Amino acid sequence: MLSPSRKELVSLNLLEQGRGYTNGKQWRRQSCWRKWKQLSRLQRSLILFITVLLLICGIATYPSLTEHWKGFSDRALREEEEPKKDSDLKPFAQELPKPPGLILPEPPSERKASHKRGPPLLQNRQQKKGNASSVLLAEGKPEPKNPEKEDGKPVVSWRGAMIEADQATDPAARENKDKAEAEAEVENTSLLEPESVRLEAVREAFRHAWKGYKEFAWGHDELKPLSKTYGEWFGLGLTLIDSLDTMWILDLKEEFEEAKKWIASELSFNKNVDVNLFESTIRILGGLLSTHHLTGDALFLEKAIDIGTRLMPAFNTPSKIPYSDVNIGAGTAHPPRWTSDSTVAEVTSIQLEFRELSHVTQDPRYQMAVNEVMKRVHKLEGKQDGLVPMFINTNNGQFTHLGVFTLGARADSYYEYLLKQWIQGGKKETELLEDYLQAMEGVKKHLLGHSSPSGLAFVGELSHGHFSSKMDHLVCFLPGTLALGHHHGLPAEHLELAKQLMEGCYQMYVQMETGLSPEIVHFNTHQGSTSDIDVKLADRHNLLRPETVESLFYLYRFTKDRKYQRWGWEILQNFNKYTRVPTGGYTSINNVRDPEYPSPRDKMESFFLGETLKYLYLLFSDNPDLISLDKYVFNTEAHPLPIWPQEAGEAV
Ligand code: DMJ
């Protein structure tokens with residue numbers, strides 16, 4: 001601290017300098033020196049000490065400061081060129097809870113990946129959408145302001161979804177893209193178990209499920225793995241029949257032979273029971289027909305003819321639109337107790353099976369009955385751009401509950417079977433194709449949405465003109481169906497949309513704490529949302545459904561992109577972690593958001609063996625001839641039925 005006398009002296013001198021100011025260099029030097037001399041020793045040491053200190057700090061912080069300044073100016077430049085876009089895209093890695101350790105050993109490379117790279121979607125988005133530009137930025141090249149205009153290429157626009165017609169025409173960008181894709185391929189492959197391990201993992205899961213069924217539910221419809229008993233729906237050995245062709249495909253010979261013995265000696269359809277026409281057609285008739293086709297064993301055809309014939313009374317209605325329920329012993333049919341309506345998906349998703357039954361027996365009755373349904377539905381009023389309502393009246397044959405459109409429950413497989421019947425019949429029934437194409441346009445126009453903040457594609461619902469971002473897990477059949485259509489010659493846009501929707505479906509798993517999808521989600525579409533997906537309390541269950549792995553199978557078959565196998569592998573691990581019951585079997589769960597207590601439901605649906613495990617196996621196989629998609633078309637319960645061979649001289 002300075003003494004009062006010293007203070008005065010300093011201020012006096014400053015005044016003097018102000019008066020005699022000449023700005024000469026000589027004067028300034030002298031004046032500074034004079035001032036320095038006037039300071040006390042303490043003052044001088046203090047100033048020297050502070051100066052040295054500042055110098056040391058400056059040297060130490062120089063490199064990080066320059067980095068910071070550089071980064072700041074880069075960001076400012078980017079924001080100026082592309083306002084908001086990237087800054088809105090929040091990495092999932094920051095939002096996702098880290099999944100707990102898995103029961104099955106996780107590949108070391110995968111563990112590494114979860115730390116290093118974050119969830120795959122974000123990388124995919126970077127590779128594809130942000131994409132060429134983010135590669136350019138990483139290389140230190142300026143990002144083009146408006147890539148779609150610069151290269152003169154139009155973009156395909158589906159209601160806000162911009163799909164690049166041809167990415168990166170600039171050779172450098174293309175090279176970067178190819179490199180990024182090659183790297184992604186190497187990385188995806190290194191994250192995967194070898195094919196034999198993947199296939200064996202599915203076989204093992206099947207055997208475990210079968211163990212529970214065999215021990216506690218043999219010959220009954222469904223296993224209740226926790227209470228170690230069974231549940232009956234139709235009392236027809238539903239799980240056993242639904243699983244037959246899965247065992248054949250998975251090469252589980254011993255299990256298959258045991259099941260076949262039961263079919264031969266125990267299965268009888270001469271029972272006074274009400275069965276649901278749709279469910280028994282897709283699971284029982286479909287399962288028997290495909291097993292017959294794969295094995296060539298007449299036993300399965302005999303049983304298929306028996307059940308198919310017993311289901312026929314369902315079509316004896318004033319409108320030719322079938323009733324939902326049939327008593328297969330009494331030969332009577334009726335609608336549900338509370339209504340004379342059937343659901344649209346149910347009456348339009350039995351065609352592949354009845355048509356095949358006619359084809360294989362040369363008895364046209366079955367095919368005529370189901371073709372009549374399609375003809376009538378084709379002509380009906382009440383559609384919107386090819387989208388159909390969910391109910392149809394069996395008396396007057398008209399749609400009911402008009403104005404509500406979904407690709408989820410009650411309508412889903414209508415769309416799937418339009419395409420698949422066209423394929424089954426050799427692509428000649430153009431009405432089916434037209435209805436399918438128009439419906440896909442309707443989906444794009446009315447139901448396609450994009451979530452916030454990450455822009456995930458999803459298919460919502462429309463109710464009297466109001467869009468809802470609700471999506472059933474059931475809708476995840478759609479990416480696979482779209483990809484299948486493209487494989488059979490439909491436009492590339494279908495495959496592009498399939499890829500986008502596939503990512504959305506995968507995120508329905510990844511963003512849940514158990515890594516398993518809930519039954520229903522709501523995508524957030526409001527700007528500023530912090531998460532893409534919301535799940536209501538009542539929708540948090542998982543029934544071991546197949547649709548996402550089904551679509552992963554198609555996407556992998558047609559694109560050979562290994563990320564789809566990797567995604568399927570993750571899903572299998574999570575089924576093993578959260579739904580596997582130690583004493584045998586897998587169970588539906590109530591809460592995919594609680595990894596501590598997912599709350600088992602004590603039920604293993606037959607489609608877990610009929611579909612989910614079969615599609616996982618086919619997804620993990622690298623053999624495109626294992627149920628070739630040029631020879632077979634899967635029914636909606638994953639039973640492969642043959643594509644009819646073309647008559648001699650006919651164009652294929
Ligand atoms: C299956 O029975 C069929 O896939 C059907 O098309 C929809 N529901 C279940 C699976 O989720």
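1. Asp306 and Arg310 form a salt bridge in which the closest N and O atoms are 2.7 Å apart, a salt bridge being a side-chain nitrogen of Lys or Arg within 4 Å of a carboxyl oxygen of Asp or Glu. The two residues lie 4 residues apart in helix H14 (residues 298-311), so that about one helical turn separates Asp306 from Arg310. Asp306 is partly exposed, with a relative accessible area of 26%; buried means under 20% relative accessible area, exposed over 50%, and partly exposed in between, for a 1.4 Å probe and protein chains only.

2. The model is predicted, and local features need pLDDT of at least 70, side-chain atom pairs count only at pLDDT 80 or more, while totals for chains, interfaces and linings use all residues. Residues are numbered from 1 along each chain as its sequence is written, and side-chain values use heavy atoms, with hydrogens and water left out.

3. In the chain as a whole, the secondary structure comes to 24 helices and 20 strands, where helices (H or I, at least four residues) and strands (E, at least two) are DSSP runs numbered from the N terminus. Of the 652 residues in the chain, 53% are buried. Among contacts with a separation of 6 or more, 69% are between residues 24 or more positions apart, contact meaning heavy atoms within 4.5 Å.

4. The count of salt bridges comes to 31. One of them joins the side chains of Glu570 and Arg566, at 3.7 Å from N to O; these residues are 4 apart in helix H23 (residues 563-578), and about one helical turn therefore separates them. Glu570 is buried at a relative accessible area of 19%, and Arg566 also counts as buried, at 3%.

5. Lys470 is partly exposed at 21% relative accessibility, whereas Asp472 is buried, with a relative accessible area of 7%.

6. Helix H20 (residues 478-487) packs with helix H21 (residues 492-510) at an angle of about 160°, their axes being 8 Å apart; axes are lines fitted to C-alpha atoms, for helices over the stretch in contact, and angles run from 0 to 180 degrees between N-to-C directions. H20 is therefore roughly antiparallel to H21, a description used for angles over 145 degrees. The residues of H20 in this contact are Leu478, Pro479, Leu482, Ala483 and His486, and among those they meet in H21 are Leu495, Leu501 and Cys505. The contact of H20 with H21 comprises 11 nonpolar residues, 2 polar and no charged, with Ala, Val, Leu, Ile, Met, Phe, Trp, Tyr, Cys and Pro counted as nonpolar, Asp, Glu, Lys and Arg as charged, and the others, Gly among them, as polar.

7. The axes of helix H10 (residues 195-216) and H23 come within 12 Å and cross at roughly 30°. On the H10 side, Val197, Arg198, Ala201, Val202 and Ala205 meet Gln565, Trp569 and Leu572 in H23, and the residues of this contact divide into 6 nonpolar, 1 polar and 1 charged.

8. Gln511 is found in the loop between H21 and strand S17 (520-523), and with a relative accessible area of 8% Gln511 is buried. The C-alpha atoms of Gln511 and Ile533 are separated by 7.7 Å, although the two residues are 22 residues apart along the chain.

Definitions and conventions. Parallel < 35°, antiparallel > 145°, perpendicular 65-115°, else oblique.
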